[in-house]
Amino acid sequence: MSALGRIFGKGKNAKGKAPSPQEAIQKLRETEEIMVKKQEFLEGKIQQELATAKKHGTKNKRAALQALKRKKRYEQQLSQIDGTLSTIEFQRESLENATTNTEVLKTMSEAAKAMKEAHQHMDVDKVDDLMADITEQQELAQEISDAISRPMGFADDVDEDELLAELEEMEQEDLEKELLNVGEDEPAKLPSVPATRVPTVPAALEEEEWNLETRRHKVLNIGTLRQAAFQCQNASKVEEDEDDDLRELEAWAS
């Protein structure tokens, strides 16, 4: 049986069960391969008859015409095969697309069944009840933690206000003792009274004016001290000059 006969001829599935999409696609591919080989064969025959016609030419017109007739017939067969091959390719592509769509739908259907099976034992009310139970347990756990961390025993009976009052009494006693011991301690050395009269603070002056006045008096005091030091230095120099004159006079008299 030829290849075309094996594909399109009678077989086990001719009157029985239809072939599966995969089997049909495989058969269409085999048919395409046969058609392609047939094309190559006819193209070779056409070139061969064309060469024969050219060979005889005008020398043997009858042989040349016969070669051209065969060439023409081969070209018609080749054209038919081209059309058949295009139809087979289109059918195979359509079948492949249909098979792909079928597999996609099958997968989606199985996924939907799996999701339905997963949700079969789940209920919205049960989920709400479960979440409410979880919230309740969390609140209970927080209450237990608060109860465990709460102070117990003696600390509950102590009044913080009484403790604060006792602390204030202790501080007051310490302050009174310090005040009583002030006279017993050695008196601290006080700074000497300045020679110049310190101006009293006028009641009408603002704080800033008082500060400026105080600074001005300080500057005057510093100037007075510098002047006194300069006068002392000049007096010492005069005394030294007088001593030198006396010594020179004694030396001359002797």
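User: Let's begin with Thr31: in which helix is its place?

Analyst: Thr31 has its place in helix α2 (residues 21-56); helices are DSSP runs of H or I with at least four residues, numbered from the N terminus. A word on the source: this is a predicted model, where local features need pLDDT of at least 70 and side-chain atom pairs count only at pLDDT 80 or more, while totals for chains, interfaces and linings use all residues. Residues are numbered from 1 along each chain as its sequence is written, and side-chain values use heavy atoms, with hydrogens and water left out.

User: Is Thr31 buried or exposed?

Analyst: Buried means under 20% relative accessible area, exposed over 50%, and partly exposed in between (1.4 Å probe, protein chains only). Thr31 has 0% relative accessibility, so it is buried. A polar atom of the Thr31 side chain lies 2.9 Å from the backbone oxygen of Lys27.

User: How many salt bridges does the rule count?

Analyst: A salt bridge is a side-chain nitrogen of Lys or Arg within 4 Å of a carboxyl oxygen of Asp or Glu. The count here is 5. One of them joins Glu32 to Arg92, with the closest N and O atoms 2.4 Å apart. That pair links distant parts of the chain, 60 residues apart: Glu32 is in helix α2 and Arg92 in helix α3 (residues 61-120).

User: Which residues are linked with Glu32 and Arg92 in a network of salt bridges?

Analyst: Arg29 and Glu96 join Glu32 and Arg92 in that network. Glu96 meets Arg92 at 3.2 Å, N to O. Glu32 counts as buried because its relative accessibility is 12%, and Arg92 is buried too, with a relative accessible area of 15%.

User: Where do Glu75 and Lys71 lie?

Analyst: Both are in helix α3, 4 residues apart, about one turn of the helix. Glu75 is partly exposed at 29% relative accessibility, whereas Lys71 is buried at 17%.

User: Which residues gather in a patch of negative charge on the surface?

Analyst: For a charge patch, take residues with over 30% relative accessible area and no salt bridge, and join like charges within 9 Å. Asp and Glu count as negative. The patch includes Asp159, Glu160, Asp161, Glu168 and Glu178. Glu168 is found in helix α5 (residues 160-180), and it counts as exposed because its relative accessibility is 55%.

Definitions and conventions. Patch = residues over 30% accessible without salt bridge, like charges linked within 9 Å, V, L, I, M, F, W, Y side chains within 5 Å. Areas by Shrake-Rupley, 256 points an atom, 1.4 Å probe, with all protein chains shown as cover. Charge placed at Lys NZ, Arg CZ, Asp CG, Glu CD. Helix = DSSP H or I, 4+ residues; strand = E, 2+ residues; numbered from the N terminus. Polar contact = N/O pair within 3.5 Å; in protein donor to acceptor, adjacent residues only side chain to side chain.
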